[in-house]
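Let us walk through this structure together, one region at a time. Please take a moment to look at the picture before reading on.

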Amino acid sequence: MGKVYVFDHPLIQHKTAMIRDKNTSVKDFRELVREISMLMAYEVTRDLPLMDVEVETPLCKATLKMLQGEDIAIVPILRAGLGMVDGMLELIPNAKVGHIGLYRDPETHLPVEYYCKLPSDIGNRQVIVVDPMLATGGSAAAAIDFIKDRGAKKVAFMCLIAAPEGIEVLQEKHPDVDIYIAAKDSYLNDHKYIVPGLGDAGDRLFGTK
């Protein structure tokens, strides 16, 4: 079973509280999401493999640790996931970026893929799927389905705020996927919004209603 990591770092808790505030401006909200995503990326990449390399310092030669060359792909779920990409790229600038877009069929209520563009070597990459909110878990599970169908083997999911219901669904559908969360909230209300949550992340990122 994939692990669930809930972040307790004071900076992440502080910035997450700020994005919940309904009075936070679009500009500040966008900047905070970028900052939280960058801080979370430290933990998501904690287990990247290292190798020994010989480096000549000003004093002597030394055997030191550097990344083994693990290739990473960041895949935001459109559209709100876009707000998390830049912060992660500040930390891992060599990562490739894919995109996946889903909508829910009004009759079947099943997720339908309307856009998917991934790196051609996705099967060789550690894939980090990002979306600010994990509510019902349906979209996240479907997005990971579509990404795995295209050859991805190592997948993690990263979000800012999650409901217990969404975590349960994602673990059931993808037990091999680790889940990284800035804050785990109480429940979903009747409109499938996370409580206390922060409202609609896409609208708050892009200034739409």
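Which strands and helices each supply at least two residues of the lining of the largest pocket? In this predicted model, they are strand 6 (99-104), strand 7 (111-117), strand 9 (133-134), helix 4 and helix 6. The pocket holds about 780 Å³ of space. Its lining is made of 26 residues, with D131, M133, A135, S139 and D200 nearest the centre. Sorted by class, that lining has 14 nonpolar, seven polar and five charged residues.

Helix 4 deserves a look of its own. Its twelve residues, 138-149, should span 16 Å at 1.5 Å a residue, and this agrees with its end C-alpha atoms, which are 16 Å apart. The buried residues of helix 4 are A140, A141, A142, A143, I144, F146 and I147. Just after the helix comes G151, with a positive phi of about 110°.

Now for the interior. In soluble globular proteins, nonpolar side chains tend to be buried together. Here the largest nonpolar core has 36 residues, and I19, M40, I74, M158 and L160 make the most contacts inside it. Helix 2 (26-44) is among the elements that supply at least two residues each, and its seven residues are the largest share. I19 touches residues including F29, L32, V33, I36 and L160, leaving aside those up to four places away in sequence. A second, separate core has 28 residues, among them A73, C116, F146 and L170.

Finally, find the second largest pocket, with about 260 Å³ of space. Strand 10 gives the most to its lining, three residues.

Technical notes. Residues are numbered from 1 along each chain as its sequence is written. This is a predicted model: local features need pLDDT of at least 70, side-chain atom pairs count only at pLDDT 80 or more; totals for chains, interfaces and linings use all residues. Side-chain values use heavy atoms; hydrogens and water are left out. A nonpolar core is a set of buried Ala, Val, Leu, Ile, Met, Phe, Trp, Tyr and Cys residues joined through side-chain atoms within 4.5 Å. Buried means under 20% relative accessible area, exposed over 50%, partly exposed in between (1.4 Å probe, protein chains only). Helices (H or I, at least four residues) and strands (E, at least two) are DSSP runs, numbered from the N terminus. Contact means heavy atoms within 4.5 Å. The expected span of a helix is 1.5 Å times one less than its number of residues. On a 1 Å grid over the protein atoms alone, a cavity is a set of points where a 1.4 Å probe fits but cannot get out, and a pocket is an open set with protein on both sides within 12 Å along at least five of seven lines; lining residues have an atom within 4 Å of a point. Grid points are joined across faces, edges and corners, and a volume is the space filled by probe spheres set on the points. Ala, Val, Leu, Ile, Met, Phe, Trp, Tyr, Cys and Pro count as nonpolar, Asp, Glu, Lys and Arg as charged, and the others, Gly among them, as polar.
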